[in-house]
Amino acid sequence: MKTAKDMGIKTVAVYSMADDKARHTRLADEAVCIGPAPTRESYLNVERIMDAIRQTGAEAVHPGYGFLSENAAFVEKLEAEGVTFIGPSVQAITGMGDKLESKRLAQAAGVNTIPGFDGIVTDADHCVHIAKDIGYPVMIKASAGGGGKGMRIARNDDDARDGFRLASQEAASSFGDDRILVEKFIDKPRHIEIQVLGDKQGNAIYLNERECSIQRRNQKVIEEAPSVFLNEETRKAMGEQAVSLCKQLGYYSAGTVEFLVDSNRNFYFLEMNTRLQVEHPVTEYITGIDLVHQMIRVAKGHPLRLKQEDIPIKGWAIESRVYSEDPRKNFGLPSIGRLYKYTEPLHIPNVRCDSGIAEGSEISIYYDPMICKLVCYGNTRKEAIDTSIKALDSYVIRGVTHNIPLLRDILTEKNFVAGSLSTNYLNEVYPDGFKGKQLTKADKQRILSVASCVYSKVDLRSYIFLNERPSTAKHKDPSEWTLYITLLGEEVQCHVKKIGKEFRVQFNGDTIVLQDNINLASPIIETNINGKPEVLQLVSKDASGKYQIVYRGTIFTLLILTETASKFLKMMPEKPKMDVSKVVLSPMPGMVKSVSFNVGDTVAEGQEVCVVEAMKMQNSLVAASTGKVKRVNVKPGDTVGEDDVLIEFE
């Protein structure tokens, strides 16, 4: 919409009832409601979208990233009505939308391909048979899939059976097509994709590569351009194969050819996305080319003005996908809620935020949980990383759990900094899952010192009375505090002293000096600790002494008490904890798709008891221990919240 406005083109937004206050509805010149929240009744409902086109007299449709962006039947409907589709032809979408056909076309264009089964998998037994023939590990994926939906890795027969079942269910739910294919899974590959651009006159170019190796559940987390791994020779070879595929298809518009690249820089065709990719801004940063502008020009019939030699690699760009997810749960299970506070870090130079939400927006269970694409640029990779870190530290999001702690941790992790990546990065770096920022002694001291200064500032504020009449009574504001602060279960005594424009904090024989520039009205705390700049966030504070502070991406809860309060707290009884081995809790909000057991059934440890669908992903929930089912609290079709008790055992 921003690009269209720059080009003098008016826009129409379509939206579901759940998105009536969404940002895109406010940015457009007109907005039309096309149905209820479920995608099949709104964003996947072709007839309602066609009605909106007729109603507004729209001349062209840009499909965005998902939903109908690669739906050939939709494009045919548009063409029949004389409406321009800002994307490729029906033939290109059909050829690349089916993974089996796309592989055949890629081979015909001279593109390197991955070994696999050239046909449709009929059932779970057939899937196991094929997997054995190819040799484990294998990738089971939806033929009509994309965006990580309907994909499972199988390393044995049991994995193959479960993978076939779950992948086909996800495929049917997301694409209305449950066909599945199987191919060899390449261990520890890099995921590197080539951005292509073609016109209707037969011209095609490539706009360099994007490194998208850091993924969870086959969905990208961090992308960068260019790739630290590719040399000029490999980049040229991959680009030329991608262009060859475009010319084989007669492809026009923007598109992406995705490759898996092994440790020896051998590369294999994975798939082609016949649409604009979510991560396209990193390519725009290093080339200076507005891809949406080019798509609109091509759709109008204009030839490309760009030649291959016109495409530069200037600087480095990194995109961090900010999601409404809890990264401590399988690297990111969806979270829902209303954003009661939301501030993007746009005050930092070379930062771009592409977001469809704003303060007050609702994150629902119906759609993808992405909040924003945070894109940061630098002349070098280090500059881009440093800018990304500062931007993440300054990004204020309240109301939902988000994945900034994971993003922030990755950007400082030694393998990422060194450029040593693979699609298995998260599992290798965090084998026991992501636990948040792991604190050193120096980290703890920084958090404790800032927390004690915030407490002192709050205490000083309590001595200020607005509109107070002048009084002859004299009082002296406190300048010293002795506090007992509990962080990660450890209580530390802190002595705070305010001297001029500084705070001096002493604990365990160490002294920390902080600049007194903390503004209690701002969620961002920008201060200097022992002369070094540090950015933290104050999430909340209450009268009981509970403070929540964000330090390097992760929220830490502290209890700050006076000596008397600390002494009395130790006399309070502790609340008993729930025995979670006797229940199955929903790890995220979603909809129950199936329940495998009834009351009285015996369940073995590790057996699947139900499947919960959240934001188009199927999540299999298993029993933590062997036992007999005492109560089943849900049935298929029920909507559940995070930590709802689904199944109880005796």
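In the predicted model, Val-257 stands opposite Met-272 in strand S12. This pair belongs to the contact between strand S11 (residues 253–261) and S12, which pair in the antiparallel sense over six bridges. Helix H13 (residues 404–412) packs on the sheet, where it touches S9, S10 and S13. The direction of H13 makes about 155° with that of S13.

The sheet that contains S11 and S12 is open and has eight strands, in the order S12-S11-S8-S9-S10-S13-S20-S18. The pairing in this sheet is antiparallel. Strand S12 (267–273) and strand S18 (351–355) are the edge strands, and each of them pairs on one side only. On average, neighbouring strands of this sheet are turned by 25° against each other, with direction ignored. In general, strands of a sheet pair through backbone hydrogen bonds, either parallel or antiparallel.

A further helix, H10 (residues 280–287), lies across several strands. These are strand S8 (190–198), strand S9 (204–216), strand S10 (219–225), strand S13 (316–323), S18 and strand S20 (370–378). Helix H10 runs at about 160° to S13.

Asp-354 is found in strand S18. Apart from its neighbours within four places in sequence, Asp-354 is in contact with Pro-281, Cys-372 and Lys-373. Asp-354 and Lys-373 are 19 residues apart along the chain, while their C-alpha atoms are separated by 5.1 Å.

A second open sheet has four strands, with the order S34-S33-S31-S36 and antiparallel pairing. Its edge strands are strand S34 (617–622) and strand S36 (639–640), each of which pairs on one side only. Strand S31 (residues 590–595) pairs with S36 in the antiparallel sense over two bridges. Gly-590 stands opposite Val-640 in S36. Helix H8 (residues 157–175) lies across strand S33 (608–614) and S34. The angle at which H8 runs to S34 is about 145°.

Helix H8 also packs with helix H7 (residues 124–134), at an angle of about 135° and with their axes 9 Å apart. That angle makes H7 oblique to H8. The crossing of the two helices, H7 and H8, is right-handed. On the H7 side, the residues that meet H8 are Ala-124, Asp-125, Cys-127, Val-128 and Lys-132. Their partners in H8 are Asp-157, Ala-160, Arg-161 and Phe-164. Sorted by class, the contact of H7 with H8 has five nonpolar, no polar and four charged residues.

Another helix pair is formed by H3 (residues 46–56) and H4 (residues 72–80), which pack at an angle of about 30° with their axes 11 Å apart. Because of this angle, H3 is roughly parallel to H4. Helix H3 passes H4 in a right-handed crossing. In H3, the residues Val-46, Glu-47, Ile-49, Met-50 and Ile-53 meet Phe-74, Lys-77 and Leu-78 in H4. By class, this contact of H3 with H4 has six nonpolar, no polar and two charged residues.

Two hairpins share strand S28. Strand S27 (residues 532–541) and strand S28 (residues 546–551) run antiparallel and are joined by five bridges. Leu-538 stands opposite Ile-549 in S28. The hairpin of S27 and S28 has four residues between the strands, and Gly-545 in the turn has a positive phi of about 95°. Six bridges then join S28 to strand S29 (residues 554–561), and this pair also runs antiparallel. Lys-546 stands opposite Leu-559 in S29. The hairpin of S28 and S29 has two residues between the strands, and Arg-552 takes a positive phi near 50°.

Taken as a whole, the protein has 17 helices and 37 strands. The radius of gyration is 27 Å, close to the 26 Å that the globule rule gives for 650 residues, so the protein is as compact as a globular protein of that length. Along the principal axes, the C-alpha atoms fill a box of roughly 90 × 65 × 55 Å.

Key: Residues numbered from 1 in each chain as written. Predicted model: local features only at pLDDT ≥ 70, side-chain atom pairs only at ≥ 80, totals over all residues. Heavy atoms only, no water. Axes fitted to C-alpha atoms, helices over the stretch in contact; angles between N-to-C directions. Parallel < 35°, antiparallel > 145°, perpendicular 65-115°, else oblique. Left-handed = near helix turned anticlockwise from the far one by under 90°. Contact = heavy atoms within 4.5 Å. Nonpolar A, V, L, I, M, F, W, Y, C, P; charged D, E, K, R; others polar. Pairing = 2+ DSSP bridges. Rg over C-alpha atoms; globule rule 2.2 N^0.38 Å.
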